[in-house]
Amino acid sequence: MGLKENLHNISEKVKGTKLQTTFGAIHTLFYTPKETTHSGGHIRAVDDLKRTMTMVVLPLVPLLIFGMFNAGFQYNSAVNGFTENLSFFSTDFWNFDNFWIGFLKVMPLVLVSYVVGLGIEIVFATINNHEVEEGYFVTGMLVPLIVPIDTPLWMLTVAVIFGVIIGKEIFGGTGMNILNPALTIRAFLFFAYPTWMSGDKVWVTGAVERVNEIAAGANLDAISGETILGGLAQGKQLIYSTWDMFYGFIPGSVGETSTLLILLGGLYLLYTKVASWRIMLSSVIGVLVMGLIFNGVVNAGWITESSKFYSLMSTEFWHHLLIGGLAFGIVFMATDPVTGSQTNKGKWYYGFFIGFISVMIRVFNPAYPEGVMLAILLMNVFAPTIDHYVVQGNVKRRLKRLKAKTV
Amino acid sequence: MSQDIRIKKGLDIKLKGKAEKITENALSSSVITLKPEDFHSIIPKLSVKVGEKLKAGEPVFYNKANEEMKFPSPVSGEVKDIIRGAKRKILAIQIQADAKQQYVDFGATDLKSMKADEVKSHLLASGCWPFITQRPYDVIADPSKTPKGIFISAYASAPLAADYDYVLAGKEKELQAAVTALSKLTSGKVHVSVGKSANSPLSGLGDITLHKVSGPHPSGNVGTLIAKIDPINKGEVVWTITPQDLVIMGELLLTGKFNAERIIALAGSAVATPKYYKTIIGASIKSIVEGKFSNDNARIISGNVLTGRAETLKGSLDFYSNIVTVIPEGDDYELFGWLKPEFNKISPSRALTFSWLSSKKEYDLNTNTNGEHRAFVVTGNYEEVFPLDIFPLQILKSCMYKDLDEMEKMGMYEVAPEDFALTEFICVSKQPHQQIIREGLDLMLKEIG
């Protein structure tokens with residue numbers, strides 16, 4: 001008897017019991033079910049939700065690995081000094097020392113995210129007696145990529161529990177939620193534990209620990225590493241070159257830094273047709289438009305260098321795509337089909353405002369340098385409204401047709 | 001005035017086992033079956049008893065709601081059995097066919113002088129009425145209403161569909177008689193669509209408005225034709241009829257005989273030598289397919305793979321279909337079927353799937369669902385294969401939460417389940433779109449009427 005028969009026999013055995021859901025999730029991971037069509041058409045296309053979700057997870061894997069290297073690189077840079085203008089393939093970055101420091105820090109985040117999140121999913125699926133849906137497959141991967149490297153695991157646990165239950169399950173699970181679950185988790189962390197989510201001590205591993213040691217009297221240099229946005233918000237000069245930003249050799253949340261890999265991942269999502277090109281394109285347009293407006297304000301001389309908005313406003317309009325989590329948010333978060341706008345026309349508005357509002361929040365509210373999270377959550381809330389008006393357009397066209405007839 | 005229709009949104013599903021253009025006589029089916037379920041929403045009242053003798057064309061049952069609407073026996077013979085289900089619901093009426101067929105003579109008609117009322121009562125009395133279906137609701141036409149147009153699609157774009165140009169060749173006279181009669185029943189026109197490059201026997205007909213269509217499926221669906229020519233508004237009715245049924249109607253008008261013979265395609269990858277067969281409405285599936293396919297584990301479908309009905313060897317050809325498709329069942333597990341690169345199945349995406357590489361390749365698809373049922377997640381993909389000016393995801397959802405007002409606003413009067421066959425095919429969440437729409441239409445029919 002092979003694996004197939006064994007698994008089939010177990011599935012027959014657990015049918016109707018509480019274990020059915022859990023076992024079904026494992027079983028379908030190995031084998032697509034032997035279910036055949038029983039209503040409507042007799043054939044189906046090959047794509048199912050597992051395949052679709054996998055396509056989103058695939059481009060996240062390089063980002064995760066890059067994030068591990070970068071975590072070690074940032075630590076070593078903070079201790080030993082930052083090397084500018086590295087080439088993308090430099091061994092100063094891609095070495096085992098960097099990887100190992102990052103691996104030990106990032107892997108626990110991944111494990112906590114998946115174990116806690118999937119655990120809750122399975123519990124809810126068992127209670128509601130349906131299959132475990134694949135939504136958390138992606139969310140679980142996104143979460144470790146969008147948090148600071150030293151996020152305590154208990155905090156992450158609390159946030160994941162909050163995000164999955166309040167953000168998703170109470171609405172009915174995958175496909176029913178209003179807010180992007182991964183961002184709900186991040187937003188919870190952001191507002192519940194603000195000191196762990198911004199400032200200059202959380203982006204480089206070991207920094208907070210070092211502060212505590214110094215406070216206890218140890219004779220050490222403090223480690224700090226600000227994100228570019230954090231620095232700009234305080235009007236500091238950048239030490240990073242444009243290429244550093246593009247490659248991702250900068251401090252930030254684990255997976256958000258490498259614009260290059262995000263770009264490649266985005267292109268892959270577009271190639272597979274899994275993500276909406278309308279949302280991605282219109283978001284980028286939104287960013288550029290807002291960026292140009294701010295640049296214009298600076299160029300027109302309406303604002304002086306003494307203004308606290310000056311350094312972010314004068315940032316080259318296209319640099320916004322390179323710094324912070326904006327690129328990551330546009331490619332992997334804004335394109336979530338469940339929480340985004342569901343009509344093709346609506347997607348243009350939805351994406352545009354995400355880009356537009358992200359940059360606006362960035363510039364005007366230095367306390368929330370990461371505007372993209374709030375912008376996407378805000379637009380998640382507005383997506384049904386946008387769709388409503390798009391659909392009403394269709395309804396009105398239908399009514400007009402009728403009126404034209406009766407006149 | 002002819003209006004050309006070019007469809008861009010859609011998907012041609014190319015399957016192996018297209019019928020070769022050779023027609024043979026199917027084995028004669030000794031038992032003919034008539035199933036009331038072919039006629040959606042009709043409650044049948046029997047006009048015959050077991051053991052009674054019938055001529056071809058004689059009513060077997062009639063519509064409880066409208067006694068004038070009669071359902072004819074396709075053959076002459078003896079009522080062999082009436083099969084009933086729960087609550088004595090009539091499931092099927094079996095008729096043992098005579099060796100020599102006798103027909104009721106309804107009388108040849110003089111079409112030119114006939115008035116609309118006369119055409120109507122003639123079609124009702126002779127049992128040809130059930131061939132005419134109506135939208136809204138996709139049910140048999142209500143004879144008391146006057147449609148704003150009658151729509152006939154003579155372009156078959158569904159997978160493996162029987163080629164109308166081939167099966168209707170030489171039937172111009174019957175087709176002409178039928179459309180002339182129908183043209184008297186509408187306040188508008190009779191719209192006929194044919195393939196752009198096709199040499200259709202319908203393109204030369206009088207009393208019609210001809211449209212040439214091109215593009216991928218569902219370009220041949222009558223729903224697409226209606227949407228592009230004259231979409232249905234609230235309160236309006238259109239009628240539809242398939243070309244092969246026009247032939248039966250035409251012959252009745254010309255000769256007075258209800259001749260239920262029809263040429264059907266036997267197609268599908270499980271069929272050894274797919275070709276055309278001459279058979280009769282209600283013929284047993286066994287007489288059509290027996291010995292003609294090798295795979296024991298196959299699904300026999302009366303109709304095409306997107307909209308047909310699953311049958312067994314004991315089943316029968318349904319009232320409206322002109323194709324029997326046989327494809328392999330897919331009741332087996334597939335290792336990492338959700339992950340591995342897929343070259344031999346159709347996919348609308350490129351998620352490690354490669355059907356986009358070649359648009360000409362023919363596939364051997366089975367009945368596996370390729371995944372489990374899920375909530376709606378993916379958006380924007382239905383629109384790629386849905387040419388109507390309707391939001392497919394939103395209308396499906398409105399049917400699911402049964403908001404009649406919203407269903408109406410979204411365009412439920414314009415659609416039939418078959419319009420959602422392609423969105424169902426590509427649905428990542430494996431939702432039963434056609435069933436959702438059918439139930440939605442039934443609800444509206446019941447509540448609004």
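Residues are numbered from 1 along each chain as its sequence is written, with chains lettered from A and ligands numbered from 1 in the order in which they are written. In this predicted model, local features need pLDDT of at least 70 and side-chain atom pairs count only at pLDDT 80 or more, while totals for chains, interfaces and linings use all residues.

Biologist: Happy to start! In what order do the seven strands of the open sheet in chain B stand?
Modeller: Strands are DSSP runs (E, at least two residues), numbered from the N terminus, and two of them pair if DSSP finds at least two bridges between them. The pairing here is mixed. The order is S1-S14-S13-S12-S15-S10-S11.

Biologist: Which strands of chain B stand at the edges?
Modeller: An edge strand here has a single partner strand, so one side of it is left without a neighbour in the sheet. In chain B these are S1 (5–6) and S11 (139–140).

Biologist: Nice. Which residue is the bridge partner of B:Thr133 in S11(B)?
Modeller: S10 (residues 133–135) and S11 of chain B pair in the antiparallel sense over two bridges. The partner of B:Thr133 is B:Ile140.

Biologist: How many residues of S12 (residues 149–153) of chain B are buried?
Modeller: Buried means 20 or more other C-beta atoms within 10 Å of the residue's own, with C-beta atoms placed from the backbone. B:Gly149, B:Phe151 and B:Ser153 are buried on one side, B:Ile150 and B:Ile152 on the other. The count is five of five.

Biologist: Which residue in S13(B) stands opposite B:Ile152?
Modeller: S12(B) and S13 (residues 189–195) run parallel, joined by five bridges. Opposite B:Ile152 stands B:Val192.

Note on methods. Helices (H or I, at least four residues) and strands (E, at least two) are DSSP runs, numbered from the N terminus. A residue is buried if 20 or more other C-beta atoms lie within 10 Å of its own, exposed if 12 or fewer, and partly exposed in between; C-beta atoms are placed from the backbone.
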